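Reader: I would like a close look at a single part of this model, and then at what surrounds it. Please keep to what can be read from the coordinates.

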Amino acid sequence: MSQLKQMDIVNFKLNQETYSRLYQQSINEPNTFWAEQGANFVTWFVPWQVVNDSDFSKATISWFKGAKLNVCFNCLDRHLAKKANQVAIFWEGDNAHRRQVITYQRLYERVCRFANSLKTVGVSKGDKVCIYLPMIPEAMIAMLACARIGAVHTVVFGGFSPRALRERIQNAGCKVIITADEGIRNATTIPLKKNVDAALSDITVRKVIVIKNSGTKVAMHSPRDIWYHELAYQQSEACEVQWMDAEDPLFILYTSGSTGKPKGIIHTSGGYLLYAAMTFRYVFDYQAQDIFWCTADMGWITGHSYGVYGPLANGATLVMYEGLIAGASPYLVWEIVDRYQVSIFYTAPTAIRTLMASGDAPLANSKRDSLRILGTVGEPINPEAWRWYHQKVGKGKCWIVDTWWQTETGGIMIAPLPGPGKEQQKPGAACQPFLGIKPLIVDENGKAVVKETQGFLTIAQSWPGQARGIYANPARFDQSYFSQYKGLYFTGDGAFQDKDGDYWITGRVDDVINVAGHRLGTAEIESALVRHPLVAEAAVIGVPHPVKGESVFAFVTLISSNPWQDSLIPELQQEVIVAIGKLAKPDKIVYAPKLPKTRSGKIMRRLLRCIAADELDKLGDISTLAEPEVIEQLKAALAAEKNKLE
Ligand code: WT7
């Protein structure tokens, strides 16, 4: 590796010409390609022995085996010589009186102090640390501190309920929890510490570190709980890094699948960092003077890869905002863009649609001249929202990058190359595979389909950012991603290529739904509903929603002899809030005398979707339905529901 010549990535331009050349190389000689990129983007302490040792048929993924590095060193220490005084984070509080400007030097010191604090409470290499924090600088600092000492973080979104939090803490075996007294979001508070107490009511952890954020009084349970400021003030602001193997885990992040409990997706140090750094640099055409704002919460993969690791590995300046932009004043969003001169803005279609719904006045109130690239992620973007983003927000001058990827892919997989190059942008198309990514759209037999035909999106070749496993469940990793189509990684999404070869993503083809960019497993919501003592069975589907993309729609059957009452609706919604969180609350719950099932007992969600959408002409083949009269019953139940509303 040491012989590899490093490319000048700062001045390199990925345009159609260089892309075509590099793409060919990345697919034809992947090991040479990734070895070169590994040298370009990452500083290694010890070089690797094997570039790629992945095998889809065994569900084993491995990159840069034998190499040593530290992710935090790559995000901070190596920039200090030139960028100590450059701003790393412009932090904007939910309440404009709270702001912080943190340079690379200061971020480094605060991370070291945090890392030493973790060591003081006994955290060492390989230990799992749960981070349950609001969008305050400490969220990023805590992640980097874990990476510095080799601890594995698992960030849990603050919107998850105590029960969901406990499930994750238990599954990952976390020893230490980092939380705050409260989160502050759009002028409301989130009782994080209280939630942690509830989550830990019947499990034991070594320490709960509490950050003072809102300043409210919270219960502290001695000796388990400790205030961060009391722990930190005596710590040094220097902390040696722990050199890690490229394949040592960096983090576990939970996401929903189509069956069972959430999956703890494992990402490792070397390959993940390279892939996050490289995709950030090229997909957003990042240049030294750019100011980047990714609005995603740290609790999601977007917050990990483009809210922390990708940008910091490139020494970029970030904006971080405490609130939720979809819930913030639309004036504030564009004010922040102007205040910090944001040049690259990355958000989700649901946020774009919310902002669009508030009209053009907030836009008229701001300049937005600094914007250059506008990104979107999380769900397919509808053309109206795309056009508004392009024409109104970006005044027709910005390139829109619609980035398709997943928690499991670690980084962006398919996205248009920021122009110039192609004359016309395509609203709603994810377009081209990133370097080294080989998508393959197949039919149900795993046979490649021709252009302009819908099929299942798979990836035919491993890439360094690929997830390495599901924590404590290797069999499920194999079964979820590698068992459908031999030799291919199955994404769970549908897609087609247009006549130019550009990729369009059509949405999930499994029992996963996407509500406001949040991925939810229908099975998890159903098991929450059946916890109610009167419910016999539940079936959940996603139905189109103008702002959220999809909303949760549930059909429930009751244990015989119990009559349906509308007063059950809030009780059932509460079951879901308790089990998962408000983000999964069904907007609609309808009583069903019976559910449509196949003779083998599988719920036919496809039929439920047609019934919910009142598209009975699209029911298609119902010959596998065990009891055809169910359709009529459901129709009657929905009609009765509608009458009630009118
Ligand atoms: C699922 C992954 C990756 C960050 C956020 C979501 C959907 C994601 C797009 C896009 C169409 C998209 C897919 C995917 N998705 N980006 N640009 N166009 N669909 O991560 O929670 O792991 O969800 O989000 O269905 O499989 P995630």
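Reader: What is the area buried between domain 2 and domain 3, and how much of it do carbon and sulfur atoms give?

Author: The model is predicted, with local features requiring pLDDT of at least 70 and side-chain atom pairs pLDDT 80 or more, while totals for chains, interfaces and linings use all residues. Residues are numbered from 1 along each chain as its sequence is written, and side-chain values use heavy atoms, without hydrogens and water.

The area buried between domain 2 and domain 3 is about 390 Å², and carbon and sulfur atoms give 46% of that. Buried area is the accessible area (1.4 Å probe) that two parts lose on being put together, summed over both. Domain 2 covers 436-460 + 474-501 and domain 3 covers 507-645, with domain 1 at 104-245; these bounds come from an automatic or database domain assignment. The centres of domain 2 and domain 3, taken over C-alpha atoms, are 28 Å apart. Domain 2 brings 6 residues to the contact and domain 3 brings 4 residues, where contact means heavy atoms within 4.5 Å.

On the side of domain 2, Gly-492, Asp-493 and Gly-494 lose the most area to domain 3, together 66% of what that side buries. There are 3 residue pairs in polar contact between the two domains, both residues at pLDDT 80 or more. A polar contact is a pair of N or O atoms within 3.5 Å; within protein, one must be able to donate a hydrogen and the other to accept it, and residues adjacent in sequence count only if both atoms are side-chain atoms. Strand E24 (residues 489-497) gives the most to the side of domain 2 that touches domain 3, with 5 residues. Strands (E, at least two residues) and helices (H or I, at least four) are DSSP runs, numbered from the N terminus. By class, that side of domain 2 has 2 nonpolar, 3 polar and 1 charged residues. Here Ala, Val, Leu, Ile, Met, Phe, Trp, Tyr, Cys and Pro count as nonpolar, Asp, Glu, Lys and Arg as charged, and the others, Gly among them, as polar.

Across the interface of domain 2 and domain 3 there are 0 salt bridges, a salt bridge being a side-chain nitrogen of Lys or Arg within 4 Å of a carboxyl oxygen of Asp or Glu. The whole structure has 41 salt bridges. One of them joins Asp-587 and Lys-548, with the closest N and O atoms 2.8 Å apart. This pair links distant parts of the chain, 39 residues apart: Asp-587 is in the loop between helix H18 (568-579) and strand E30 (588-591), and Lys-548 in the loop between strand E28 (535-545) and strand E29 (549-558). Asp-587 is partly exposed at 38% relative accessibility, and Lys-548 is partly exposed at 23%. Partly exposed lies between buried, under 20% relative accessible area, and exposed, over 50% (1.4 Å probe, protein chains only).

Another salt bridge pairs the side chains of Asp-285 and Arg-372 at 2.9 Å, N to O. These two residues are 87 residues apart, Asp-285 in the loop between helix H10 (270-283) and strand E16 (291-294) and Arg-372 in the loop between helix H14 (361-364) and strand E19 (373-377). Asp-285 is buried, with a relative accessible area of 9%, whereas Arg-372 is partly exposed at 27%.
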